[in-house]
Amino acid sequence: CTKDLDVKPIDPDDVTAEVVYSKPEGYSQGLAKIYGLFSLTGDGIKGDISGDEGFSGFLRVYWNIQELTSDNAKCAWGDAGIDQLNFGQLSPENQFVYYMYYRVMLSATFMNEYLRQTTEDKVKGRGLGNIWPDVQKYRAEVRFLRAYIYWVGLDLFGNIPVVTEADQIGAGLPIQKTQKEVFDFVEKELLEVQNELAAPNSNAYGRVDKAAAWTLLAKLYLNAETYIKEKHYTDAYTYAKKVITESSYKLQNNYAYNFLADNDVNKSEIIWPIASDGTRTQSFANLTFIMNSSTNGGDAAWKSAIGLQGGWNGNRGTAKLAELFGITDKASLESCPDKRAMFRMLDDIKMNDWKTFVQGVGIMKFKNITSTGAVGSDPTGTFPDTDFPMLRLADVYLMYAEAAVRGGGDVDATVPFVNDIRKRAFGDENHNVAKADLTLDFILAERGRELYYEATRRTDLVRFGKFTSADYLWPWKGGAKDGKATDVKYNLLPLPYQEVGSNPNMKQNPGY
Amino acid sequence: KVTDSKTGEGLPGVSVIVKGTTTGTATDINGAYSINASKGATLEFSFVGYTPLSATVEGAILNVKLVEATKTIDEVVVIGYGSVKIKDATGSVQAVSSKNFTKGMASSPQELIAGKLSGVTVTSNGGSPTSSPTIRIRGGSSVSASNDPLIVIDGVPVDNNAISGVGNALQSINPNDIESINVLKDASSTAIYGARASNGVIIITTKKGKSGFNVTFESKNSIATPTESLEVLSSKELIDIAKNYYASNSQAMAVINAADTKVNTDWQDAILRNAFSSDNNISVSGTKGFLPYRVSLGYTKQDGIVKTSGLERTTMAVNLSPTFFDKSLSVNLNLKGTYSENRFNQAGAINESLLYDPTKTPKSSDPKYQPYGGYFTWLDNAGKPLKFAYNPLSQLEQRYDKGYAYRSIGNLQLDYKIPYLEGLKAVLNLGYDYSKSNGKVYASENAGFAYYDKGINNKYDQEKKNELLDFYFNYNKPFDFLKSNLDITAGYSWQHFWRSESNDNSNIPGTITSKSDNKTENYLVSFFGRVNYSIFDKYLLTATVRRDGSSRFQGDNQWGTFPSAAIAWKLDQEEIFKNIPVLSSLKLRAGWGITGQQDITNNDYPALARYTYGNNTHQYPLGGTYYNVITPVAYDANLKWEETESYNVGLDFGVFNSRITGSVDLYYKYTSDLINNIAIPAGTNFAENIITNVGNFESRGIDLNLTGQVINKKDLNWSLTYVLNYNKTKIKKLTLLEDPSFVGNEVGGIAGAQNNNIQLNAVGNPLNSFYVFKQVYDQNGKPIESLYEDLNGDGKIDGKDRYIYKSPYAPVTMGLNSALTYKNWMFNFSGRLSLGNYVYNNVASKSTYSEIFPNNLGFLQNIPRSTVKTGFKTLTSNLLKSDYFVENASFFKMDYITLGYTFNKIFSTKLSAVVTGTVQNAFVITNYSGLNPEVFNGIDNQVYPTPRTYVLGLTLNF
């Protein structure tokens, strides 16, 4: 009877890798897990990260770090660690730091597993040679997503380990890499996979193509000076231009359509979305969080306008964000010609107390309502159908212009694209800009207007040297009501103390 | 006539023989006898349980008094795959038998031993009828693996994991069926259970059929009443403070101004009640022909003091214990069955009731609440419920959460004395533990808390099977050489655990919110052996070894060997001690052993690389097709046993003709390769922490127990039992590599902030030590908000300024039991003292002024009066971790006081009755400021209030 000890799981939903990958659909299910890492928090049975599952989801924690530390938004909740987010001063003990870091590294670990299990030898060895061409594409997409998640790690934490499919599970302690090494890895991967990915616009919705790789390369190069003190503006310009000229992505006619429940249909501008679905792709971390947390639960009209019933009374925009649109009060909001200002007046636009939700401006950019006015599919009003645009063409236009202004290319060539954005925003050409208007300050402000609430703001402020400095202040920066300068160390997040504690190879980032 | 020396009553059935002849007779029902014997002949009187007596015939009447044999000395304890006389035991073994159980208590099996055995702590888990107390023997020896002792019921080691739909795993055993509870504490006695023995073993033996025909009926009826409540603010006080604090928050002020201070609801009162319970048992035992039998039936209905909670339970037990072939084959068959229905209360409702807004009435006739059953509900400006702060009473009354469970435990033991080989027997034990349960959680669409979900209609099912096969030989033979005795046991054990469960959650219209099912199993295969050898009945030696294989591990790591050895020296048999008249027994014991641990809660495949499929609400769309995701699961392929090496030295003694008996034990335990759930370097596995073997842990302590017959008169008896345990634990190692900078593993999640922990497992400290900031106080001794000592002196307050302060586990626990009888009266009590256990008062810590209108979510909450005392305004994660909230929760708890009277010979000689009145949880003495100082892991949050219970009991014996 000692043979009884060699058990295999008896549950049909609990299987070994060989069982999973013995069928073609296993490769799609595995790929769904990898894409799902950006939207879901787990598989519905167990969270990827223990503790409060919703808290740990990629978009929720990434959005919090990108937006709440910036001039865009502040959260009124008293939860632990939110004060540090609002003030832009995160410590190694902060739970958002912890969740963000582990989300990055854990995602990479899942991606590595996929790459290990789907090699050509293994697929053909399982007698599935016929699907190898598809699997090859899946692998390129997974490598892109891994490059993306390591780019997030580079952008936020800088000096992180780079674990790949060559590192076995349970193997030794990962080695910390320098920012330069992480940068090189991301760059190398993107340059390689751009050839293997599907042609622009040719892939199924939700999956990435060459344009995604080019967009991320443009982002990587545009920020290179921050990451590795090297100027790569020409490269940034080149890859932004590639997206514009070699793909058929085009601006959505109506700005607001990018952020509605049917943006999987009105998708012409979205290069890579994070999918949500009210009944099938549920998570407390994706747009569920952004939308519910930005809505007043006591205000039925507001909840109906958003199409969700949560009303968590957390996040709202700052007066500084409103100011980018020239909005200072109710009258200026009503007369604002820029249609991108999807705001709602609260009791006081000034935020004398960051813990009072009804101070600041309500943000109604994302809605669980379709372009025809129908409410999303979740009957309980908790989970939206709206997808989050991770990479969007308008961002590429603005990167194109910025790279040029920073000396990476011909500024003149980029002016029409900036004006495409302006025309859409104002509905006319009266607010178009000329080459002379394209200053760095203008671009930062325009990015603020176009991309607010889209989880890019902290990165932008760091790149423009405004994240910690005294020359650009916003409410509650540094913990002061009107804002004040903070230590330059905050341009890079600290590593979570748990990681520094459990891996002796890891050294804390400077200043912490 | 033959009478009992103590009671003076006649003894029936005493055998009377004329010495040297075959002439004999037995006494009749009144103890009378007649026999033909000549003057000067000697009559021999003998009777089971009494010391035999010889007397010379001097006349026509010879009355004798038989003295009851001193029971304690010859008592037998069950030690696993056999039993041993207490006087011959070499290990630390303690027993409580049914005659020491207090009559008249409404109890669960755990309560039968609470405070009665040294080194065994039973911590009640609040006062819910469905909650399960936590048992620890000598403090446990694991960190992340289970610390529960192994529980063996009639030879069947049962699965400690909870049964769905049942709160308390031991609930399925009717305490009235229990004959004895034996506790094995040290490694030399537990090692026979090898891989499952590190946390001690509790062996429960149920009653067997007796001679004759006996009927016992027992009925207990009780009323439980709530005791203490948390002191919170009145409506007016609350609103006054809120108006002041929230003056600049227009959203809060709108809600505050709308509050009606004329209403002042006590929400704790609103959800509590006096609860009635009834417990009735009948048992019939006797011998019919060759067949001794016992059959019992029990029915319990117990309401909880939190409204709607309660249980109903029917138990049945059958025991048949015939012998065949001239007693060479003994058969012992036990079948136990239970059916229970449990109604659970929403745990959150208790917590919410502590701090719910007092300006609202539980129910209201206001039309705006009528869509929600008339229960007050926080509403938005269109009259729809907010998704927060649900009415506690509605969470109880509008939610129907019931579990239904069948469980049966049984075994068939065949004990065969092999002919022609004197002393050799073979034992086969086949056992099972089976349960099938299901449950339902229901709430209608108009319950405020389920409004957006459109009601709740959740179902779950579970089936568990545990099968056992033991086969062993036992050889027991005395030798003339050195007057020695050899007792050898060797055998094989196989056990299989299988579990299948499913959850099916949907709302009332039928939309599935989540659905899952799961099947899992594990096996244990073992070979074991034990040798007991005694010389001159003076020197005793025991050696055991067990080799265990567990399917939870892989390859070479599956098998572990667990040896032990013990010696005992009966000093009372040495001439020098025989001459000390006060000394009636004295024995010195020493033992050593290694035991294991493989019980990883809810994970049967921790060392196996595997994938799981996700459910339908967590799909991801690619190109319009929604795929169920597959997720690789974290594992450690090299996972293996955790091992505990322990030493025990003990002394058993009896003085003054055994009127005072007791034992004292010193022990030391060292656990290595701890099965530990620890944070791992990011990027090395599919989780941020995994179960692996890392760390060492030690505990040391003293067990003492003393029993004294303070008074031992014909009509008046008073015995006292005192037990004491001193236990000190320390983590010795936590990392694979030497890493002095490693602070420790944070544990002990708390309410008030996400992912915040209050405890630390750190080298050099007890388990789950509190890890806190050092609060700074003003001259008046009032804590200053958000001011903590800069312990590392770096000029700022951050995580590095936290320090380790106290532990939740009491280093010293004591128990005192008293049993007094005077004629037909009895008076018993039992109390426990716990010294040096600390509790983190999470109810107080999470309550600041900023929590009156928390997170701007649109509703009001009350605060405890203690918050007004500190005046703490803002909830921060630092404030939650102030040492101010870690309180000394030492307590004395009077578990019960019982008064009883026995009526003998009512109507007929056979009928006797005992009437008892009991107060359970009579009183608690403590300085702890929260509701209950008895909190197992030391974090006081969401505890079911412990009631005081008055029980009236009636026992009838026919």
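Val772(B) sits opposite Tyr803(B) in strand E45 of chain B. That pairing belongs to E42(B) and E45(B) (residues 803–804), which run antiparallel and are joined by two bridges; strands count as paired if DSSP finds at least two bridges between them. Helices (H or I, at least four residues) and strands (E, at least two) are DSSP runs, numbered from the N terminus. This is a predicted model, where local features need pLDDT of at least 70 and side-chain atom pairs count only at pLDDT 80 or more, while totals for chains, interfaces and linings use all residues. Residues are numbered from 1 along each chain as its sequence is written, chains are lettered from A and ligands numbered from 1 in the order in which they are written, and side-chain values use heavy atoms, with hydrogens and water left out.

**Around E42(B)**

- On its other listed pairing, E42(B) goes antiparallel with strand E41 (residues 757–761) of chain B, again over two bridges.
- In that pair, Leu760(B) faces Ser769(B) of E42(B).
- In a regular strand the side chains alternate between the two faces of the sheet.
- E42(B) (residues 769–772) sends Ser769(B) and Tyr771(B) one way and Phe770(B) and Val772(B) the other, and all are buried (buried means under 20% relative accessible area, exposed over 50%, partly exposed in between, with a 1.4 Å probe and protein chains only).

**Where A meets B**

- Contact here means heavy atoms within 4.5 Å, and the interface takes in 104 residues from chain A and 85 residues from chain B.
- The two chains bury about 7,900 Å² between them, with carbon and sulfur atoms giving 56%; buried area is the accessible area (1.4 Å probe) that two parts lose on being put together, summed over both.
- There are 33 residue pairs in polar contact across the interface, both residues at pLDDT 80 or more. A polar contact is a pair of N or O atoms within 3.5 Å; within protein, one must be able to donate a hydrogen and the other to accept it, and residues adjacent in sequence count only if both atoms are side-chain atoms.
- On chain A's side, H5(A) gives the most, with 12 residues.
- Sorted by class, that side has 44 nonpolar, 36 polar and 24 charged residues. Ala, Val, Leu, Ile, Met, Phe, Trp, Tyr, Cys and Pro count as nonpolar, Asp, Glu, Lys and Arg as charged, and the others, Gly among them, as polar.
- The chains also share strand pairing: E1(A) and strand E30 (residues 611–613) of chain B run antiparallel, joined by two bridges.
- Within that pairing, Asp14(A) is opposite Thr612(B).

**Salt bridges**

- A salt bridge is a side-chain nitrogen of Lys or Arg within 4 Å of a carboxyl oxygen of Asp or Glu, and the total over all chains is 78.
- Two salt bridges run between chain A and chain B, including Lys303(A) to Asp380(B), with the closest N and O atoms 2.8 Å apart.
- Glu341(B) and Lys402(B) meet at 3.1 Å, N to O. Glu341(B) is in strand E21 (residues 329–343) of chain B and Lys402(B) in strand E22 (residues 399–417) of chain B, so the bridge ties together parts 61 residues apart in sequence.
- Lys402(B) is buried, at 15% relative accessibility.
- Asp148(B) and Arg136(B) form another, at 2.9 Å, N to O.
- Asp148(B) is partly exposed at 31%, whereas Arg136(B) is buried at 12%.

**An open sheet in chain B**

- Five strands line up as E9-E14-E15-E12-E13 (chain B), an open sheet with mixed pairing.
- Its edge strands are E9 (93–97) and E13 (156–157) of chain B, each pairing on one side only.
- Inside it, strand E12 (residues 150–153) and strand E15 (residues 201–206) of chain B run parallel over four bridges, with Val152(B) partnered by Ile203(B).

**Spots worth a click**

- Most residues other than glycine have a negative phi, and most peptide bonds are trans.
- Asp673(B) has a positive phi near 50°; this residue is in the loop between strands E35 (660–672) and E36 (675–679) of chain B.
- Asn855(B) also has a positive phi, about 50°, and is buried at 17%.
- Gln597(B) is buried at 5%, and its side chain reaches the backbone nitrogen of Asp599(B) at 2.8 Å.
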